[in-house]
Amino acid sequence: MTVEDMEEQGLYRSDFEHDACGVGFVAHLKGLKSHRQVQDALTMLENMEHRGACGCDEESGDGAGIMIQIPHEFLWEECSKLDIMLGEPGYYGVGMTFLPKDKVLNEKCIDLIKDAARQLNLNFLGIRNVPVTPDGVGVTALSAEPFIIQFFLERPKGIRNTADFDRKLFVLRRLLVKKVKEELPEVNEQFYIPSLSSTTVIYKGQLTTYQVRSYFSDLSDERVMSAFGLVHSRFSTNTFPSWKLAQPFRVVAHNGEINTLTGNLNRFYAGLRSISSPYFSDEELEILLPVVDPGLSDSASLDNVVELLLHSGRSLPHVMLMLVPEAWDGNSSMDPLRKAFYEYHATIMEPWDGPAALCFTNGSTIGAMLDRNGLRPLRYAVTNDDRVVVASEAGALPIDEQTIIKKGRQQPGKIFLVDMEKGEILSDADIKHELASKQPYGDWLEQYKINIKDLADPRVTFTYLSKESVFKYQQTFGYSREDVEGILIPMALDGKEPIGSMGTDVPLAVLSEHPQHLSSYFKQYFAQVTNPPIDPIRERLVMSLSTFIGNSGNILDEDKMHCHCVALEHPIVTSRDLEKLRSIDTGIFQAKTLQTYFKADGRSGSLEDGLARLCRYAEDAVRDGFEVLILSDRAIDSQHAAIPSLLAVSAVHHHLIKTGYRGAVGLVVEAGDVWEVHHFACLLAFGATAINPYMALASIRTLKEEGVIDTTLTWPELSKNYVKAICGGLLKIFSKMGISTLQSYNGAQIFEVLGIHKDVVDKYFCGAVSRIGGLGLDDIAREVLSKHHRGFNSEKKTSLLPEGGLYQWRRRGEAHLFNPSTVHLLQQACRTGDYDVYKQYASHINNQKERMYTLRGLFDFAKHRSPISIEEVEPAENIMKRFATGAMSFGSISHEAHSTLAIAMNRIGGKSNTGEGGEDEMRYKVLPNGDSMRSAIKQIASARFGVTSHYLTQADELQIKMAQGAKPGEGGQLPGHKVDEWIARVRHATPGVGLISPPPHHDIYSIEDLKQLIFDLKNANREARINVKLVSKAGVGTIAAGVAKAHADVILIAGYDGGTGASPISSIKHAGLPWELGLAEAQQTLVKNQLRSRVVLQTDGQLKTGRDLAIAALLGAEEWGVATAALVAGGCIMMRKCHLNTCPVGVATQDPELRKLFTGKPEDIVYLFRFLAEELREIMASLGFKTINDMVGRTQFLKVREDINHWKVNKLDLSGILYAPQNPSGKSLYQTESQDHGMDMILDWGMLKQAGKALEGRTPVFGTFHVKNTDRTIGTLLSNEVSKIYGSEGLPDNTINFKFIGSAGQSFGAFAAKGLSFELAGEANDYVGKGLSGAQLSIYPVGDSQLVPHENIIIGNVALYGATSGHLFVCGQAGERFAVRNSGATTVVEGVGDHGCEYMTGGRALILGETGRNFAAGMSGGIAWVYDINGTFKDRCNLEMVDLDPLDAEDETQITNLLKRHINLTNSTSATNILSNWKNERSLFIKVFPKEYKRVLQAKLVEA
Amino acid sequence: MGKVTGFKEFERKLPTKDAPQERLKNYKEFVHSFSEEELNTQAARCMNCGIPFCHSGCPLGNVIPEFNDAVYDGKWEDAFEILSSTNNFPEFTGRICPAPCESACVLGINRSPVAIEEIEKHIAEIAYQKGFAKAKPVTLKTGKAVAVIGAGPAGLAAAAQLIKVGHEVTVYERDDKPGGLLRYGIPDFKLEKWVIDRRVELMKQEGVIFKCNAEVGVNVPAEELKSFDAVVLTGGSTIPRNLNIPGRELNGVHFAMEFLKQQNKRVGESTYQEEDILATGKNVLVIGGGDTGSDCVGTSNRQDAKTVAQFELMPKPPGQRTETMPWPLYPMLLKTTSSHEEGCERFWSISTKAFIGDDKGNLKGALIVDLAWETDTMGRPVKFAEVPGSEREIPCELALLAMGFLHPQHEGLLKQLGVELDARGNVNAKEGNYKTTVDNVFVAGDMRRGQSLVVWAISEGRECAKKVDEYLMGASTLESKDSIAEYA
């Protein structure tokens, strides 16, 4: 099966695929070629096997490969045998090529190559078939195996150097791509040129890391020599064989993903019209365009752009820094020269944003870099025999420690280069300084950049809107009272987006009876699994809202006029600044206002005509030389309505891209229909450069003038707050996708369109995902006009806006599934156990004939056979075991509510969920009546509250929360006043001190990281199922496939609409998709991928009735989660006040007085689940299913309702959801096989044997083990055994004493329990002491190491993440995010990377060396002492939540004790020196003391 | 919105009243006003629920949390506008509604509900004081004419809505003044009639034409209606349920409405032809335990009756919610009205078997018997039997039958128009449609739904008006309680 076969069937799209990987290189500093480099690189690749993945078929990898220098001697001899006469090195090019196996096609391809070479006057020398050994390669990979050749071309006489020759070869490759597409379209997918160069050659394929060596016998030939080997191992979510997606590419190997690809590519294409270069002739440029072919992976696209820029005169590091700049905006300590370099380049190129570890080479220089966030690991070592080893993991290539002279980790935003010609390593600072000095970038900016505040006052003043006009416009643009009261006013008052609770249960925009805002059809994407979201508050330093309005110029050229544009700090423009912009005239820079209206005659085609006119005018304006287009909807009247701004801007944006003019102008939107954060985000993502929300600002003014906002704040202050809230909200929206800068977000289109017709999307929102069809332009116009006429109705009847009712139920407002009748009936049914009342409730929810709410409401059951009797259906007792309640933490809901749910679920054999707040141990004891309050599912969320070895041991299922429906991609915060004694104890926190949940799991930045965490958890409790909770979004199917490959046992697809916790209200509504789409996509993708039988699929999100469950089962879910309905059964009346702690029925509150009012009983909940099961059984009987297993994934038993007659809904196409993929393997559609967790061979089994006596009788034991980087998660399984027997108490300290020698793999000592004492002589990778639960770990270099410990890295990133107790002593430096979310461990380390002690809430950290930037961000508890020998610490510390204090006597005692212990355990020289000179050294220590923590401690002191 | 913790801090309070002995001296309203501070405190108790059950429980769909919030913030004009957007006559409902909203109030689950009705009344009265409640005549006329038959709450509401969209509205009223039951059913001590006059005056300023003493089908020919583009029937449910027992014909046995109407006319200085019915010095027996019965009690006491007794066939209802009437349903609880406070002996599970007269045909007593009720498993009364040996005679010179109403008067108008009736004898039209079987004739209020609350009558009038407007114009910009105005 080929990729085309699979395109656009069902909900799968190939663009959804992601990859992540292991990457690295081995190089000789002086460029000495040897076969050893090749062999070492392959060994390194093999040692990163666990970072790659394989699919259903274990022998088919996701792809792996190696790039080396052209092995001249080898090829010369081999070619001689074939009568091919190669010239001197550099005088011929090698084209590594994948061809179809079919003989005829194969020959056609070769002819084509020859033709093309001829066309470019290149002499074709001949072809060599690359010998391959397919033995052992999996069937899936073999099904698409190409025929691999190398062809050779002679360097023409006129070309004097390799750079010019390679440029020519680049043109040839592009020409071939075009020719194949035009002349041989049938081989398009099978024809591919991995490399065509006179310096390098790439061997790659859809192989596992081990297969590369055996498949390509060339690589084992001693004559194959290279100064470097650059390798890549791929872990992909993709489902189909693809050889060409293997890496490395021609210049780069990329571990990461570009989140902003659509925007980057659109902007790239947009600039192509003005492209020109002295390095290429016009004909050559014509051949090159569009440079990046559509449909490539993000990494491949990046590689193509790098190539173009490289061949047009910029140096390799210059190109890399242009595309992946470090965070410069707002960094006040950056060298101004360097900052100017970045700012200048920002005016022509936005960052290709996303987590990235990049290795790159042009054949003579090889280097590596990390993106600004540094979210992918990269470690390096330099040896005394001139070898440089860089890899995703330390120890991936075993090297004799004695020979190592430097060890380090690549830092965020830093670049590293080995110049093999000069034989030197170039440091980050050197490279950047040299580049920044090449041109007077600072002077250019000084001269040409336009600052809006420097502009003259406007020629005309802005139009003032009277109170009456404001009201009229509010009506016209669709404001509701909720928008004003609930959104505008809070934002203007507090400068923050308001918070809501309890998810959303209103209809999707396309199902609503109320006229919608166009952006309600757009659902925000968010990061999950394949890349991490960012914390926009605590990690603000990497983010930027700055933007430039104007012409972005010719990117191949360095012209000072590139920066002649308007620079903005953020994209929100006040009405006054807009007028300045409107009247701007620098002599060569002017703005043009275009009116965005259409005829309000209600005729078909009016809106289309309006858009066509607008696009025409826009194109004309660009041709006439305007640099800024202002799209304004102010000029509307009774006969002319406003085009929704989102449609207007996207239409113009795409029209200008298509015509090639987009790069020449900035698009500024002046619109009345923009007021909430989501509206702004949509506009920016679909092309707006800046936005003037004039109605929102005028509304705030009127509200202030009318005294509706009762405040002493002035209008300008309120406006400022509002803009601040929008900016904060935008950062949050970017960050939830893992995007750091507005420039990258701009045009990135990271939304799924839900309910707009493909024709509209293809024409005006090109490239956006829209899978279920929906409204056409005339329908959009109809919704606009319904609002328009309200505003322009001649007779004013009211001064009230419509109620809204989106966030709270209103009779005249939006419909809600949970409304007065349904809440009442459900509670009544569950209290009285009356199934008839339940059925009334269910019919209110299920019958969506009158009013539609959900996609499932549009389905009907298709009865293909006669019903069976209900007795034949499996009993409710069986079915109830498949139920789970939602993840609600003790903290978000009361103990009473939480334990009632647990008891109920334990009674029926279902599973309750701890949520992310830990669990009180008292709940592990069975109650006298036999009930149990223990939650079967233990959740592991980003903050890791209360996650200890014991907690993990006490679980039947461990759920990794990758996202939550109500606010996917966001973190959370429990304010200090809610953290009482009890909650603090359970969460291992301090009462009264606030707790922050970070947006990402800091040990999951990629799919291979998730695989590692799954492995960790499986070690921590091998009886428990590992469940990965995902939120429905476009592409969740491919993610699910990746998660299945990462060996999850259960995958939960949550709907966007669920959620009981507090969330920003725009997130509740606008992020994520209904579960119907996500579940169906996951099922389809897993089945196609032959992975379905390995995992249990679960779904949740506003599941309310047995019918909902039946539909979920037919779409693929064999288990279901029910949260809101269970709460309602227990007494919740949907106050939606969870975030205020005022729940009047004691459900979502910690107020002791209110908690007493909780009246729910386990029986009520049991009734609910029994009713759900019974209703489901009735449906099963009617469809003829005896068991749930029979029913799972049988979409043919669903059909779209035939009785729908609704102007919007009729246009939906739901066939994608009901698509049943072919099931080639014939495997089951539900889980029947268990995952192979690969734990048979782990080190812990051996350790367990040696620890026997300790486990049996607490007798101390000793042992020594040799380790390498593939020995991962050491001590976790052993700790599980300790916890099983000794609970949270563990063993006495120093009972199990093990020594390890070598490079430990990831997660050394993860969740290590008390009583374990591990020492490691050598080094460790990421996640040392993750979740440390009482053990002592010490790590120091091996005895014969030449390294100075405190100058060299010894452990990787994210050590002590979520540690709750125990000790870690590190003789050497640690990587990024050391002690992140530590809540109780004590540690000594000799230097840390960026974001040290982030979100820490407890414990002690003694840091005897330098820290990176942003130390102590979000740190609310515990204490850190930092040895600030260079006096740089203050600048590197994030002072928002901490004070920097001198030591007191108590601190000194603690520090000296720790130093002594550190010396004892690690023999640290730094510590010895400090201690021996303590009197002088102590003044260099700074105490980092969280303010809140200090306040609480002082208050306690006063009490005592 | 409001005060987040208000519900925890403040208790429910109602305004003080004149002491019974004081208020019995006249027919004036006796409930005092809240101080502004108290009003604010009471409004602060509103929790602004995610699902405001009050808003759902109100037949008009009053947007209660929003007006509570406006009151909390002292924004009277906003409060009045919000209230007026669903309720044409908050000054009536704020006085006499049994407040199903308060029964549905979420605070009522475990505390006492917000004093919604009092807040409503204050919003309306303050609006009149401050001048927000004023006529808002429309200039754009449709040229369509609508006749509304009956000036009770349903008719008034329909007229008030229809005039808003520019129709010419004529209200026919058979009595001498508009108001229907509001004027002649409800005693002044609960609703003083200037409150109705004040509102009717505004409606007249907006252009509504009132034709009083005009009973269509009697002194106005039904033919006259032909000149209208649409007709709305809002004549109420006027035929009272009778008690056909021996002695019914005796002097002194009256329907409650005869008694109440006469007193209201007396207070309102209208004339009436009938013989005086007075409780003064008499033993009064009120049969029927509902609100009308209660009004009879209060009126009898004001007329200085010797004793007042009130009978109810059903057993004494519980004082608190039971399982059969859970929140948020309107519960059938023991209700002690202000009239009961003024003096009255109440009996439940009691049946009147016969009226006993003296030789002049005047009522002198009643033969009564206690009942024993059988209940179902849920405790609901289903069947009764007389308690043997409990038969006894009590003295009474005035008996008032307050046992509800059966259906509208069929004779005259309805027969002449030829509209179809439903099984209960009401005019047949579906809720949400309000169209009778006769083209261009609509019906609303008790005439359609049978006897009910004033608040339901207003609701029906409003919803019916929207249907009439749609009928006349093709589309309507009038609001409905379940949907906002459409302009598409």
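Which residues of helix 42 (residues 1243–1250) of chain A are buried? The legends below begin with this helix. This is a predicted model, in which local features need pLDDT of at least 70 and side-chain atom pairs count only at pLDDT 80 or more, while totals for chains, interfaces and linings use all residues; side-chain values use heavy atoms, with hydrogens and water left out. Residues are numbered from 1 along each chain as its sequence is written, and chains are lettered from A and ligands numbered from 1 in the order in which they are written.

**View 1. The buried residues of helix 42 of chain A.** Leu1243(A), Asp1244(A), Met1247(A) and Leu1248(A) are the buried residues of this helix; buried means under 20% relative accessible area, exposed over 50%, and partly exposed in between (1.4 Å probe, protein chains only). Helices (H or I, at least four residues) and strands (E, at least two) are DSSP runs, numbered from the N terminus. Seen down the axis of helix 42 of chain A, the buried residues fall within an arc of 135 degrees, so they line one face of the helix; the arc is that of the directions from the helix axis to the C-beta atoms. Their cover includes helix 43 (1252–1257), helix 44 (1276–1286) and strand 44 (1296–1304) of chain A, where contact means heavy atoms within 4.5 Å.

**View 2. Arg173(A) in helix 6 of chain A.** Arg173(A) belongs to helix 6, which spans residues 162–183 of chain A. Arg173(A) counts as buried because its relative accessibility is 4%. Its side chain is joined to that of Glu307(A) by a polar contact of 2.7 Å. A polar contact is a pair of N or O atoms within 3.5 Å; within protein, one must be able to donate a hydrogen and the other to accept it, and residues adjacent in sequence count only if both atoms are side-chain atoms. Not counting residues up to four places away in sequence, Arg173(A) touches Ile193(A), Leu196(A), Arg250(A), Asn304(A) and Glu307(A).

**View 3. An open sheet of five strands in chain B.** The strands follow the order 3-2-1-4-16, and their pairing is parallel; two strands pair if DSSP finds at least two bridges between them. Strand 3 (209–211) and strand 16 (441–443) of chain B are the edge strands, each pairing on one side only. On average, neighbouring strands of this sheet are turned by 20 degrees against each other, direction ignored. Strand 4 (residues 230–233) of chain B is joined to strand 16 of chain B by three bridges, and Val232(B) stands opposite Phe442(B) in strand 16 of chain B. Helix 10 (residues 153–164) of chain B packs on the sheet, and its direction makes about 165 degrees with that of strand 2 of chain B. Axes are lines fitted to C-alpha atoms, for helices over the stretch in contact, and angles run from 0 to 180 degrees between N-to-C directions.

View 4. Pro248(A) is in the loop between strand 8 (228–236) and strand 9 (252–256) of chain A.
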